Amino acid sequence: MEKHLLQIEDLHLYAGSKHVLKGISMNIPEHQIIALIGPSGCGKTMLLRSINRMHDLNPDIRIEGRILFKGKNVLDRHTDPVQLRRQIGMVFQKPNPFPKSIFKNVEYGLKINGMRHSAHIRDAVENSLKQSHLWDEVKEELDKSALELSGGQQQRLCLARAIAVAPEVILLDEPCSALDPISTAKVEETLLELKQLFTIVIVTHNLQQARRIADQTAFMYLGELVEYGPTVQMFEQPQQELTYNYLHGHFG
Amino acid sequence: MTSRRYFWNRFFEKSLAVSAFVSIATLLGIFLLLAIHSWRAFERIGLGEFFSLNAWNPAAYDTPSYGIGALLLGTALTTLGATAIAAPIGVGMAFFLSEIAPLWLRNLLKPIVELMAAVPSVVMGFVGIVLVGPFLARVFGLPNGLNALNGSILLAFMALPTVISISEDVVQAVPRAYKEASYALGANRWETLTRVTLPACYSGLLAAIMLGVGRAIGETMTVLMATGNATAIPQGFFSSVRTITATVAIEMGEVPTGTTHYYALFACALVLFLITLTINFAAERVAARLRKRGQ
Ligand SMILES: Nc1ncnc2c1ncn2[C@@H]1O[C@H](COP(=O)(O)OP(=O)(O)OP(=O)(O)O)[C@@H](O)[C@H]1O
Ligand SMILES: [Mg+2]
């Protein structure tokens, strides 16, 4: 039996008076890639941000239910969100590099996590930039401002920044939406490699991408989890008509 | 229909152009007035003497002397002091208000800060004489507390509302996405504040400080009352100093028109005008660079 790193139990989320997530339950096994798919506005980002407590910053959002990470409830008041986020990293939907140099963008998280030795830092920066397939493009100009990179390069920098601190889970919100097919392929390759080290939850609008890399796929619709299971089964024999229609583009 | 709208569009365009022209013309007019009168002073005194450390003693019976060195130093000293006090307090306060303070405290403090701006400069000068002065004299064991430091403290207080409110805008303009990125990497609130939010607004804060202090330089009444007004070369913050503004304000009313002294005061005003213009211009440049980077 596979081990469940994350267990989401009957999760409800309200943004103001709006009921956004309506009782989501799903188990996320270790060292796999889990794809979240579903039409725009169905709550994928909201679900992802619940897992690393990003909603703490927004007082309008209320969450009910449980998210167990290694058996401990993430949403519990006594769980330290700072510690939690060191174990559960995130890449946001919109690239958000710091207005600092490329090098410093990656260095920041390392320093925050207590790495002091500059040689170690340099190695770690190089490694993670290589893993996110950005190294070759920026190795000559690590001191350049990250804001001068293209959107796709910025997103890969954010990925590098997230994996540099070696979390156990990485949450990715449409990391490839601004990437060309070649960089997308590179990032996918990276994710498949990183699966050995991390558990990956990825939101994507690209169904082919889910099919290519995900072990499990979850289909969400209007705040509900319609279907969740092994990717192959999901794409070949969906259990729900709604899923079938979405996967075949008969929607709306 | 269209022609009427056209008319009004043209009308507003033209009136904007006129008002822009009027303000530029006024500025230019002031500059020319000062420059022409100053020219007389420079002719008679000589630039070397004017910018020298010789005493400012235009009313002397036998040999009047016109060095503004000491006055410039007095202005520089009070301004620097005011900056050194207002910058950390103003920026710290802005950060506290927008990032740390709970809502109720913020709602309590904001109006107080705004009220600070409403204190007339004469009242501040008064405070300098009856409160700050005796306090400084007591703490530092001085014969009296009317000195550069006193002026600096008061000017800092007057610059604070500007520094605080502009800094606060700057801090709040930092995109939320930067903070989220920092939190998502496992940074705590303090790390996010000092290593992400603060560096992201350096140049904006610089502009806020310069605008606050630029305003303070012109505060004649306060400095005039609180700094002791000695025209000697200041030795430090405990020296009594006289600033350029104070000099013009004190002497302009009594000086006979057309004398060298009279023109020398215009030259003082010209120097002051150029200093504040430079500071405001520099602050604008910094702010513009910031806006460009924000896009
Ligand atoms: N700050 C907010 N306040 C209120 N409602 C919000 C807020 N942010 C999002 N929502 C609502 O929550 C719902 C889910 O949004 P979410 O961002 O999770 O969608 P998504 O599935 O990620 O969509 P997309 O694919 O377009 O990114 C939407 O209906 C949206 O209107
Ligand atoms: Mg989204």
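By how much of a helix are A:Glu107 and A:Lys111 separated in helix H3 of chain A? In this predicted model, the two residues stand 4 residues apart in that helix, which means that about one helical turn separates them. A:Glu107 and A:Lys111 form a salt bridge in which the closest N and O atoms are 3.5 Å apart. A:Glu107 is buried, at 13% relative accessibility, whereas A:Lys111 is partly exposed, at 33%.

**Salt bridges**

The structure holds 19 salt bridges over all chains, and four of them are set out here with their N to O distances.

| Residue | Partner | N to O distance |
|---|---|---|
| A:Glu107 | A:Lys111 | 3.5 Å |
| B:Lys179 | B:Glu99 | 3.4 Å |
| B:Arg176 | B:Glu180 | 3.4 Å |
| A:Arg49 | B:Glu180 | 2.7 Å |

The side chains of B:Lys179 and B:Glu99 meet in a salt bridge at 3.4 Å. This pair links distant parts of the chain, since B:Lys179 belongs to helix H7 of chain B and B:Glu99 to helix H3 (residues 69-100) of chain B, 80 residues apart. B:Lys179 counts as buried at 17% relative accessibility, and B:Glu99 counts as buried at 19%.

B:Arg176 and B:Glu180 are 4 residues apart in helix H7 of chain B, and are therefore separated by about one helical turn. B:Arg176 is partly exposed, with a relative accessible area of 46%, while B:Glu180 is buried, with a relative accessible area of 8%. Salt bridges that share partners join A:Arg49, B:Arg176 and B:Glu180 into one network.

**The interface of chain B and chain A**

At this interface, 18 residues of chain B are in contact with 26 residues of chain A, and the two chains bury about 1800 Å² between them, 64% of it on carbon and sulfur atoms. The rule finds 1 salt bridge across the interface, and the side chains of A:Arg49 and B:Glu180 meet in a salt bridge at 2.7 Å, N to O. Between the two chains there are also 6 residue pairs in polar contact, counted where both residues have pLDDT 80 or more. On the side of chain B that touches chain A, helix H7 (176-184) and helix H8 (189-200) of chain B each supply at least two residues, and H7(B) gives the most, with 8 residues. By class, that side of chain B has 10 nonpolar, 4 polar and 4 charged residues.

**The magnesium ion**

The magnesium ion (ligand 2) has A:Thr45 (OG1) and A:Gln93 (OE1) as its protein donors, lying 1.9 to 2.4 Å from it. A:Thr45 is partly exposed, with a relative accessible area of 26%, and A:Gln93 is partly exposed, with a relative accessible area of 36%.

**Individual residues**

B:Ser65 is found in strand E2 (residues 65-66) of chain B and counts as buried at 16% relative accessibility. The side chain of B:Ser65 reaches the backbone oxygen of B:Ala55 at 2.8 Å. Leaving aside neighbours within four places in sequence, the residues in contact with B:Ser65 include B:Glu49, B:Trp56 and B:Pro58.

Most residues other than glycine have a negative phi. A:Asp10, in strand E1 (residues 4-15) of chain A, has a positive phi of about 45 degrees although it is not a glycine, and A:Asp10 is partly exposed at 43% relative accessibility. A:Ala166, likewise not a glycine, has a positive phi of about 50 degrees. A:Ala166 lies in the loop between helix H6 (151-164) and strand E7 (169-173) of chain A, and is exposed, with a relative accessible area of 53%.

Key. Residues numbered from 1 in each chain as written. Chains lettered and ligands numbered in written order. Predicted model: local features only at pLDDT ≥ 70, side-chain atom pairs only at ≥ 80, totals over all residues. Heavy atoms only, no water. Contact = heavy atoms within 4.5 Å. Buried area = accessible area lost by both parts, 1.4 Å probe. Salt bridge = Lys/Arg side-chain N within 4 Å of Asp/Glu carboxyl O. Polar contact = N/O pair within 3.5 Å; in protein donor to acceptor, adjacent residues only side chain to side chain. Nonpolar A, V, L, I, M, F, W, Y, C, P; charged D, E, K, R; others polar. Donors = N, O, S within 2.8 Å, 3.2 Å for Na, K, Ca; no water. Buried < 20%, exposed > 50% of the residue type's maximum accessible area, 1.4 Å probe, protein only.
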